[in-house]
Amino acid sequence: MLGATAAIFAPSIHALAQNTNISPDGFFELTAKKTTASLLGIDKLQTPVWGYNGTNPGPLIRVKQGETVKVRLINELDQATTIHWHGIRIDNKMDGVTGLTQAAVEPGESFDYEFIAPDAGTYWYHTHNRTWEQLARGLYGMLIVEEPDAPDYKEINLILDDWRLAQDGTIDEESLGELLDWAHDGRIGNILTANGQSKPEFEVKAGERLRLRIVNVANSLIMNLNIPNHDPWVIALDGHPIEPRKLQKEDLVLAPAQRIDLVIDANLQPGEVSPIEFVTRDKKITLATLKYNNEIIKQNTTTAPAALPISMPHNAFNLAAAKTVELNITGGAMGTMRQAMLGGKMLNWQELVKAKRVWAFNGIAGDMDKPLIRVKQGETVRIDMINDTAFPHAMHLHGTHFTVVGRNNKPIEQRVWRDTELIYPDEKLSFAFLADNLGKWIFHCHMIEHQAGGMMTWIEVV
Ligand code: C2O
Ligand code: CU
């Protein structure tokens with residue numbers, strides 16, 4: 001079964017001419033609707049899911065850096081929805097955040113997203129309304145912004161998800177929104193898919209250079225991956241280029257929403273098969289396999305791949321002059337939180353549990369009436385976080401990439417730009433970023449059940 005490779009050729013905005021999903025006014029139409037997916041294997045039960053244009057994942061959207069993305073979201077669900085373009089340095093109006101940057105798109109309605117994709121890289125798009133339900137049901141896809149002179153590697157894209165299915169193979173709806181998950185580590189699944197499939201195979205040729213783009217789209221699962229028999233290079237994190245270096249084990253711990261771009265030299269022999277694995281403490285689960293066909297295309301290469309060009313403007317980033325704000329993260333099971341503000345009132349733990357707001361930032365359980373901080377365009381912002389909870393969190397900032405500048409009171413000099421980063425229990429972590437993008441930017445935990453349970457705030461750039 002080589003169906004997975006088909007995902008590489010899924011509709012792209014380039015394919016304007018032949019694409020039936022392009023409206024007369026030039027919008028790529030993404031219709032959110034109910035569909036099915038063969039999550040358990042093609043010969044097994046089709047699981048009812050929600051998808052875009054009838055597929056899970058949604059169509060791959062591929063544009064060139066600097067190109068305008070025009071997407072019309074058509075909502076054929078019976079629930080309101082939006083699309084967020086995760087990681088894109090976007091025009092704030094197009095950010096897709098219900099209640100902050102737009103009203104959710106009601107059933108039967110549509111919304112036109114139109115924005116420039118300023119930076120090349122591996123991104124993704126997903127619903128940003130009732131995300132805890134809509135993401136769990138499958139509303140996401142990959143967004144690739146190509147470098148102006150994209151290196152000529154064979155591409156393999158892996159969109160990794162976990163699903164919680166009931167005995168009969170349908171999505172476990174009974175536990176959707178379950179408070180126990182929200183107060184612990186989120187909705188963790190019982191099956192894993194790559195590109196909406198069970199263990200897809202990717203055909204490769206011995207000797208060729210591959211570019212693997214991996215995104216973790218799970219609601220809350222931190223994925224610990226392994227790519228045996230190969231010696232990959234890391235070339236980008238969360239879509240942002242880094243100086244290419246050999247992959248280290250820690251690189252393959254992907255928090256929800258994180259991406260990694262790898263270059264892999266296909267150095268096995270024709271006919272060999274090698275897995276890409278999900279690793280737990282006691283077992284390895286195959287997510288996908290690289291299947292070598294009979295061709296040999298060139299000599300094995302061992303030289304480092306060229307660094308990808310960086311287009312984000314980091315020159316004006318000035319940590320010494322940063323506006324600093326503290327963010328104290330509390331709540332969850334086994335935590336110390338006794339009370340928090342909600343709707344402008346101080347609630348005790350029992351009341352918070354009843355309201356399903358069991359997490360707080362600076363003692364506020366998800367109220368969005370005031371920003372965490374308001375800064376002027378061009379300022380550098382520093383957020384000093386303390387994770388006073390028993391769980392790790394995947395902190396995600398919209399609209400720009402940040403860099404970790406301190407960990408447990410130690411400064412970090414190396415600049416690695418990401419849009420999502422894990423903060424572990426009891427850890428102190430400092431993010432900093434250049435506030436160069438005007439608007440209201442949500443800052444939340446990408447463990448979606450935690451976000452829904454109160455782990456969200458926003459930053460205003462004026
Ligand atoms: Cu990918 Cu606000 O999220
Ligand atoms: Cu969290």
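Guide: We can begin with one residue, Ala117, which is found in the loop between strand E6 (110-116) and strand E7 (121-126). Keep in mind throughout that this is a predicted model.

Visitor: Is Ala117 buried or exposed?

Guide: A residue counts as buried when its relative accessible area is under 20%. Ala117 has a relative accessible area of 0%, so Ala117 is buried. For a sense of distance, take Arg338, which is 221 residues from Ala117 along the chain; the C-alpha atoms of the two are separated by 44 Å.

Visitor: How should I read a sheet?

Guide: Strands of a sheet pair through backbone hydrogen bonds, either parallel or antiparallel. Here, an open sheet of five strands runs in the order E24-E33-E32-E26-E30, and its pairing is mixed. The twist from one strand to the next averages 20°.

Visitor: Which strands stand at the edges of that sheet, and why does each have a side without a neighbour?

Guide: They are strand E24 (373-375) and strand E30 (420-423); each has a single partner strand, so one side of each has no neighbour in the sheet. For E24, three bridges join it in the parallel sense to strand E33 (residues 456-461). Within E33, Val461 stands opposite Val375.

Visitor: What is the relative accessibility of His393, and what is the relative accessible area of Cys445?

Guide: His393 has 0% relative accessibility and counts as buried. Cys445 is likewise buried, with a relative accessible area of 0%. Strand E32 also holds Ile442, which counts as buried at 2% relative accessibility. Ile442 and His396 are 46 residues apart in sequence, while their C-alpha atoms are 8.3 Å apart in space.

Visitor: Which strands does E9 join, and in which sense does each pair run?

Guide: E9 runs parallel to strand E12 (residues 209-216), with seven bridges between them. In that pair, Asn157 stands opposite Arg213 in E12. With strand E10 (residues 191-194), E9 has four bridges and runs antiparallel; there Asp161 stands opposite Thr193 in E10.

Visitor: How many bridges join E2 to strand E1?

Guide: Strand E1 (residues 28-37) pairs with E2 over six bridges in the antiparallel sense. One position to look at is Thr36, whose bridge partner in E2 is Pro48.

Visitor: How do I read empty space in a model?

Guide: Rolling a probe the size of a water molecule over the atoms shows where empty space is left. Over the whole structure, the search finds four cavities of 30 Å³ or more. The largest cavity has a volume of about 80 Å³. Its lining includes Asp161, Asp162, Trp163 and Arg164. By class, the lining of the largest cavity has four nonpolar, two polar and four charged residues.

Visitor: What is the volume of the largest pocket, and which strand supplies the largest share of its lining?

Guide: The largest pocket has a volume of about 780 Å³. It is lined by 27 residues, and the closest to its centre are Leu237, Arg245, Val416, Arg418 and Glu421. E15 gives the largest share of the lining, five residues. Strand E15 (240-246), strand E16 (253-254), strand E27 (402-407), strand E29 (417-418) and E30 each supply at least two residues. The lining divides into 14 nonpolar, five polar and eight charged residues.

Definitions and conventions
Residues numbered from 1 in each chain as written. Chains lettered and ligands numbered in written order. Predicted model: local features only at pLDDT ≥ 70, side-chain atom pairs only at ≥ 80, totals over all residues. Heavy atoms only, no water. Pairing = 2+ DSSP bridges. Axes fitted to C-alpha atoms, helices over the stretch in contact; angles between N-to-C directions. Buried < 20%, exposed > 50% of the residue type's maximum accessible area, 1.4 Å probe, protein only. 1 Å grid on protein atoms, 1.4 Å probe; cavity = no way out; pocket = protein on both sides within 12 Å on 5 of 7 lines; lining within 4 Å. Points joined across faces, edges and corners; volume = space filled by probe spheres on them. Nonpolar A, V, L, I, M, F, W, Y, C, P; charged D, E, K, R; others polar.
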